[in-house]
Protein chains: 2
Amino acid sequence: MKLSNGVEWALHCCVSLTQSQAPVPAGRIAKLHGIPSAYLAKHLQSLSQAGILRSTPGPAGGYVLTRAPAQITVLDVVLAIDGPEPAFRCTEIRRKGPLGLGPEKCRTPCAVSRAMAVADSAWRAALKGITIADLARDIEADSSGSAMGPVRQWLAATG
Amino acid sequence: MKLSNGVEWALHCCVSLTQSQAPVPAGRIAKLHGIPSAYLAKHLQSLSQAGILRSTPGPAGGYVLTRAPAQITVLDVVLAIDGPEPAFRCTEIRRKGPLGLGPEKCRTPCAVSRAMAVADSAWRAALKGITIADLARDIEADSSGSAMGPVRQWLAATG
DNA sequence: GGAACAATACTCGGATAGGCCATGTCCGAGTTTACCCGG
DNA sequence: CCGGGTAAACTCGGACATGGCCTATCCGAGTATTGTTCC
């Protein structure tokens with residue numbers, strides 16, 4: 001199991017976008033993070049489709065957060081990039097083989113599937129309990145309050 | 001993010017192996033579950049390397065659980081098949097770009113990495129709280145106590 | 001009859017191809033801006 | 001000087017190659033069995 005690389009990028013981008021009220025182009029935010037701009041655009045597109053970002057075309061266009069950082073959970077971002085499907089998908093092994101159960105016995109998910117679903121729920125609950133605002137605050141605290149300011153200035157600077 | 005298909009197979013195989021004290025060949029347990037035998041062998045090999053199963057070569061050989069089902073957690077099986085690495089791997093984005101932090105500022109994991117680690121821990125804790133014995137008991141309960149018996153007989157039957 | 005030996009059959013184990021999804025990239029559609037021209 | 005029109009530049013959006021990992025498979029190394037042969 002490996003999580004898409006774009007998840008990390010998307011989270012950092014959302015944190016950085018909290019520092020700009022004006023739209024930020026994909027190329028600019030990509031350069032800020034030192035990541036390939038064309039590929040990041042693809043992920044920002046996913047965030048836009050998920051309703052996390054709002055895109056404005058044309059000059060002075062770019063991406064903006066659609067709502068307050070405290071209203072965007074990490075889970076929202078992860079699901080937007082990685083897809084809403086759970087990591088584990090039951091292939092109904094119990095119905096196969098010489099001792100396969102009939103469909104009437106398979107109304108409820110099997111025990112294995114339920115166990116994985118419980119773990120998946122715990123994972124999502126943990127991600128849902130953290131917001132972009134929390135991340136921004138933690139990053140600010142890690143740098144003793146000298147991280148977000150330069151980002152805000154860099155995004156506001158023209159060029 | 002997609003979990004390897006072999007995880008489901010491995011869990012079902014471990015549950016079935018609780019019903020046999022004698023070694024069960026890979027081909028036989030594969031036929032029981034209606035899955036490709038050659039590919040399952042690869043996963044059983046992983047379980048063997050992880051110390052969950054013990055393999056015995058030669059005629060009347062096969063795989064046996066190394067310890068009591070209550071001592072084998074679902075997490076053990078998942079890690080054996082899927083690998084011990086967490087799903088999220090931090091690429092240290094904060095060190096890149098024009099505002100990249102110096103190495104002296106990156107002694108501790110970044111906030112994004114920590115958030116994902118917390119979720120990963122929750123996921124693993126949930127999986128660690130369920131054992132193969134629990135799964136076997138639940139499957140038995142789902143079928144009103146008529147699932148494990150036939151499996152035991154089918155595995156014991158020759159041919 | 002018993003024991004040692006050799007051949008056999010069956011098992012696991014690692015090395016080997018193929019398919020699908022994530023990665024990485026590109027160019028076209030749409031929109032705002034700025035400039036230019038006419039009144 | 002002001003307003004309208006046009007051209008341009010910049011943006012996003014989706015369509016297009018590429019690589020790596022999961023899937024799937026095979027054959028060789030090793031071992032317990034079994035049959036045979038000799039004492």
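Predicted model: local features only at pLDDT ≥ 70, side-chain atom pairs only at ≥ 80, totals over all residues.
For 159 residues, a compact globule would have a radius of gyration near 15 Å, whereas the value computed for chain A is 20 Å. Along the principal axes, the C-alpha atoms of chain A fill a box of roughly 70 × 35 × 25 Å. Of the 159 residues in chain A, 48% are buried. Among contacts in chain A with a sequence separation of 6 or more, 64% join residues 24 or more positions apart.

The accessible surface of chain A amounts to about 7700 Å², and carbon and sulfur atoms contribute 54% of this area.

Chain A is superposed on chain B with an RMSD of 0.1 Å by a rotation of 180°, with 0.0 Å of shift along the rotation axis. The two copies are therefore related as by a two-fold rotation axis. Within chain A, the C-alpha atom nearest this axis belongs to A:Trp123, at 2.5 Å from the axis. Of the interface residues of chain A, 98% are also interface residues in chain B, so the copies meet through the same surface.

Terms used. Residues numbered from 1 in each chain as written. Chains lettered and ligands numbered in written order. Heavy atoms only, no water. Rg over C-alpha atoms; globule rule 2.2 N^0.38 Å. Buried < 20%, exposed > 50% of the residue type's maximum accessible area, 1.4 Å probe, protein only. Contact = heavy atoms within 4.5 Å. Areas by Shrake-Rupley, 256 points an atom, 1.4 Å probe, with all protein chains shown as cover. Least-squares fit on C-alpha atoms with pLDDT ≥ 70 in both.
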